[in-house]
Structure formats: structure tokens, C-alpha cells
Amino acid sequence: SEWWLNRKNLYTENQSLRAEIIKLTLTEAQLKLVEAENEHLRQELNFLKKQRQFVMAEVVGKNSDDLVDALIIDRGTRDGLAPGDPVIVDEGVLIGKIFKVTESTSLVRLLTDNQSRVAATVLSKDKTLGVVSGRHGTNLLLEMIPQNETVTGGEIVITSGLDNRMPRGLLIGKVDLVTKDPYEPFQRAYLVPLVRPDKINVVAVILPN
């Protein structure tokens, strides 16, 4: 009958509206989550405004031997620099640490050097901790990731602040590929650095507070 058809159509419309409301609610929840993550990211990376002291320096050369992947900068002990000081570019991208110092120059060991080690954390729900090491090339490796934690491509890796003289929140890179062997106690994640060392002309060295 017409009454039954009208009732059936009304029921179908209500079901569609309910599904649309659920979809909109999920979208709103996802947007709020993204906003919360962005705010958290801003707080994590807002380190330069935390009254930190830093010294600007120019890159005057690259280490000429194959033993250390490093840059030479025109600041040294007379400017307050010391081994272990973090070296950054832009507004917080870590490129390495001071390795050797003279009165007027310093050697910056790059993150890509195979002797480089930096305590790091992934900006994810698990807040995974690990150690970033260099591979004497263009890639970085995040090691010591517990097997029960999830790390996915595109996630941002920052310094954890667990290293001596290294503040938390310096950008290291983005996760590119994760390798997980069930017979190994830890996972590994290959990272893409955010800057190319051969494009760096000016750096900032962060001094201890």
C-alpha cells in the first residue's frame, strides 16, 4: 500500500541520515586527533623559543678523509663551543654534533657518519624510543625498537633528550622503511634525513643552558 511504501522510504532515509551522522562524527574525531597531534608536535619542536643559547657559524669546508663524515665550521672554543654540542639548521633540524674543537674552528660529525649515535623517539602513540645511527651515506637507521611497538612510514623522529648535552625535540628525519624479523629482539627503521649535508652553508650550535 502507499502507507507502507511511505513508511519504508522514511525508514531508509533515516538509516542513510544515521550513517551520514556517524561518518561526520568520525571525521570530526579524526580532525580533532590531527589537531591534537599537530599541537603536540608544535610543543615538541618549539625548542628554540625555550631561552636556549646558540652560536651561528658558517660552513668553511668538509672533512677530507674517509674516516669521519664531517663539516668544518668557523667557530671554536673562543665562542664557547665544546665536543658534544648539537648542531642544527633551519629552526631545529639536527645535522650532527661537535666532534673536535680548536680555538677558531670545529669539526661537526654528521648524523650520517657510521660512528654517529643519537638517542631518539618517534612521534607516535607509542612514543617509541631507540637509537639513530649513521651509515656513512645518505640514510639513517633507528635501532633498538621493541618488537611490540608499531612504527610506520612517514612518522617523524626527534631527539629524546636522553643524551648528554642533547635537548629533546630536535628533528632527525622521517621513517621510510621498517624491517621486522620475528626472531630478532628489536625492529629497525630506515630514516630519510630532512636536509642534505652538501646543501648546508650556515648552522647553529646549541650551547648548554
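**Group meeting: a walk through the strands and salt bridges**

Read from the N terminus, the order is α-β-β-β-β-β-β-β-β-β-β-β-β. Please keep in mind that this is a predicted model.

How far can we trust it? Mean pLDDT for the protein chain is 79, with 73% of its residues at 70 or more. Among the elements, helix H1, residues 2–45, has the lowest mean pLDDT, at 54, while S5 has the highest, at 95.

A few totals before the details. The protein chain has 209 residues, and 36% of them count as buried. Its accessible surface is about 12900 Å², with 53% of that belonging to carbon and sulfur atoms. And if you take the contacts in the protein chain with a separation of 6 or more, 55% are between residues 24 or more positions apart.

Okay, strand S3, residues 86–89. Which residues cover its two faces? Pro86 and Ile88 sit on one side, Val87 and Val89 on the other, and all of them are buried. In a regular strand, side chains alternate between the two faces of the sheet. S3 runs antiparallel to S4, residues 93–101, and four bridges join them. Val89 is opposite Val93 in S4. The S3–S4 hairpin has three residues between the strands, and Asp90 in that hairpin takes a positive phi near 55°. S3 also pairs with S12, residues 202–207, again in the antiparallel sense, over two bridges. There, Ile88 has Ala204 in S12 as its bridge partner.

Next is S8, residues 140–146. Five of its seven residues are buried, so the strand is largely enclosed by the rest of the structure. What does S8 pair with? One partner is S7, residues 129–134, which runs antiparallel to S8 and is joined to it by four bridges. Another is S11, residues 186–193, also antiparallel, with five bridges to S8. Leu141 is a handy landmark here: it is the bridge partner of Ser133, and it stands opposite Tyr190 in S11.

Now the part I think this group will like, the charged residues. How many salt bridges does the structure hold? Five. Side chains of opposite charge can pair when their charged atoms come close.

Arg188 in S11 forms a salt bridge with Glu143, 3.4 Å from N to O. This pair links distant parts of the chain, with Arg188 in strand S11 and Glu143 in strand S8, 45 residues apart. Are the two buried or exposed? Arg188 is partly exposed, at 37% relative accessibility, whereas Glu143 counts as buried because its value, 17%, is under the 20% cut-off. Setting aside neighbours within four places in sequence, Arg188 is in contact with several residues, including Leu141, Leu142, Ile145 and Val178. The C-alpha atoms of Arg188 and Val132 are 9.8 Å apart, although the two residues are 56 residues apart along the chain.

The second example is in S5, residues 106–110, where we find Arg109. Its side chain meets that of Asp113 in a salt bridge, 2.7 Å from N to O. Here both partners are covered: Arg109 is buried, at 15% relative accessibility, and Asp113 is buried too, at 0%. Among the other residues that Arg109 contacts, beyond four places in sequence, are Val68, Asp69, Ile95, Phe99 and Gln115.

Where is Asp69? It's in the loop between strand S1, 53–62, and strand S2, 70–73. Asp69 forms a salt bridge with Lys62, and the closest N and O atoms are 2.8 Å apart. Lys62 is partly exposed, with a relative accessible area of 47%, but Asp69 is buried, at 11%. The side chain of Asp69 also has a polar contact of 2.7 Å with the side chain of Thr112.

Terms used: Residues numbered from 1 in each chain as written. Predicted model: local features only at pLDDT ≥ 70, side-chain atom pairs only at ≥ 80, totals over all residues. Heavy atoms only, no water. Polar contact = N/O pair within 3.5 Å; in protein donor to acceptor, adjacent residues only side chain to side chain. Contact = heavy atoms within 4.5 Å. Buried < 20%, exposed > 50% of the residue type's maximum accessible area, 1.4 Å probe, protein only. Pairing = 2+ DSSP bridges. pLDDT = per-residue confidence, 0-100. Areas by Shrake-Rupley, 256 points an atom, 1.4 Å probe, with all protein chains shown as cover. Salt bridge = Lys/Arg side-chain N within 4 Å of Asp/Glu carboxyl O.
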